[in-house]
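Let's take a friendly walk through a protein model, one feature at a time. Keep the picture open beside you as you read.

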Amino acid sequence: MNIQITKTDKSRISEVDFDNLEFGKMFSDHMIDMEFKDGKWGAPEIKPYEKISFHPSMHALHYGQSVFEGMKAYYVDDETVNLFRLDDHHERISNSSRRMCIPEMDKEAFISSIKELIKLDHKWVPKTAGHSLYLRPFVFASQEYIAARAASEYRFIAITSPVAAYYKEGFNPVSLTTSENFVRAVKGGTGEAKAAGNYGGSFLPAQQAQEAGYTQIIWLDAKEHKYVEEVGTMNIFFLIGDTLVTPKLGGTVLPGITRRSVIALAKEWGVNVEERRISIDEVFEADASGDLKEVFGSGTAAVISPVGLIHHEGKNVTLDQENIGPFAKKMYDEITGIQYGKIEDRHGWTYPVKVK
Ligand SMILES: *Cc1c(COP(=O)(O)O)cnc(C)c1O
């Protein structure tokens, strides 16, 4: 793969306080930039992180043809940085693109340019345990064009941002509430695409939930307002008795890559895993009968996020509000162990990048 690389003549790394990283505020020295024009993707370029300029008529700003990914690079040792399930991220951005009528990009261009970017900016991968370099690849309609139909010019850009461990002082269980007035996704809509607009629509309900004292919303299905789908930025799991239950995919749930990893590992451990519809009433019943052992979310940012409380129509399910459950903890340790190269990767999930 021919990747043109232009290096910055002045690294900004000395400006970073690696002991006080704030999520999504600092960006590394370089970025990937690739253009779709005249019916085809060009070659990826790596260049200094910089402002991009656009016309007020840029299509994506008006109609939201924009999709993204979120993943991380993990420090293993001075020679190696691990990426995780890159092929799955490529597959997902391709699926998201297809749904949003954005041309799909070549797997090789995606994977090799990301590896090159990590190689070039490897000093930005924090070494502290649990810290990582967050990667944000995204594609948007860049054309100067405000007709309400798919654009014919796009840009793929990937930027990276050093981030601290999600849990700095022990696991902090989140509290969730259902929403009476809002839904996240409907069958046939864009819920299973990692599309920018899905987030735009979720901020108002999320803000209202936070004002009411909850961390995030646990979304119910749009039609019957009965079945659990997922949380703001995470998929959700319920350990009921000895069975791990998670809402099945099927159009409205974002197919999380952490979700996929949790399911694969749990099955290997001999745990009975069910991907099926689960109603909020069933969650309350399992709690009442004492069968609800643990609830946790899964996503790239936190990996595993214990849930301490679920509120629905004036009633609460309360779990351990101080600690992570033993199953969730085991899962967290296993996945992060594989990501940081401490546990053997028996699945071919990691992409070690040799940086020296
Ligand atoms: C990205 C995302 C997830 C989690 O996916 P991962 O691949 O595990 O990070 C879950 N739900 C939504 C809505 C998301 O956008």
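Q4 sits opposite E45 in β4. The strands involved are β1 (residues 4–5) and β4 (residues 45–48), which run parallel and are joined by two bridges. Here strands (E, at least two residues) and helices (H or I, at least four) are DSSP runs, numbered from the N terminus, and two strands pair if DSSP finds at least two bridges between them. This is a predicted model, so to speak: local features need pLDDT of at least 70, side-chain atom pairs count only at pLDDT 80 or more, and totals for chains, interfaces and linings use all residues. Residues are numbered from 1 along each chain as its sequence is written, and side-chain values use heavy atoms, leaving out hydrogens and water.

β4 also pairs with strand β2 (residues 30–37), this time in the antiparallel sense over four bridges. Within that pairing, I32 has I46 in β4 as its bridge partner.

## Salt bridges

How many salt bridges are there? The count comes to 19, where a salt bridge is a side-chain nitrogen of Lys or Arg within 4 Å of a carboxyl oxygen of Asp or Glu. One of them joins the side chains of D33 and K47, at 2.7 Å from N to O. This pair links distant parts of the chain, with D33 in strand β2 and K47 in strand β4, 14 residues apart. D33 is buried at 6% relative accessibility, and K47 is buried at 14%. Buried means under 20% relative accessible area, exposed over 50%, and partly exposed in between (1.4 Å probe, protein chains only). D33 and K47 also belong to a network of salt bridges with E50 and R155.

Another salt bridge brings together the side chains of E224 and R277 (3.7 Å, N to O). E224 lies in the loop between β11 and β12 and R277 in the loop between β15 and α7 (280–288), so the pair ties together parts that are 53 residues apart in sequence. E224 is partly exposed at 41% relative accessibility, and R277 is partly exposed at 45%.

## An enclosed strand

Now look at strand β14 (residues 243–247). Five of its five residues are buried, so β14 is largely enclosed by the rest of the structure. Both of its faces are covered: T243, V245 and P247 are buried on one side, and L244 and T246 on the other.

D38 is not a glycine, yet D38 has a positive phi of about 50°. Look for D38 in the loop between β2 and β3 (40–41). Is D38 buried or exposed? At 68% relative accessibility, D38 counts as exposed.

H225 is not a glycine either, and H225 has a positive phi of about 55°. H225 lies in the loop between β11 (216–220) and β12 (228–231), and at 27% relative accessibility H225 counts as partly exposed.
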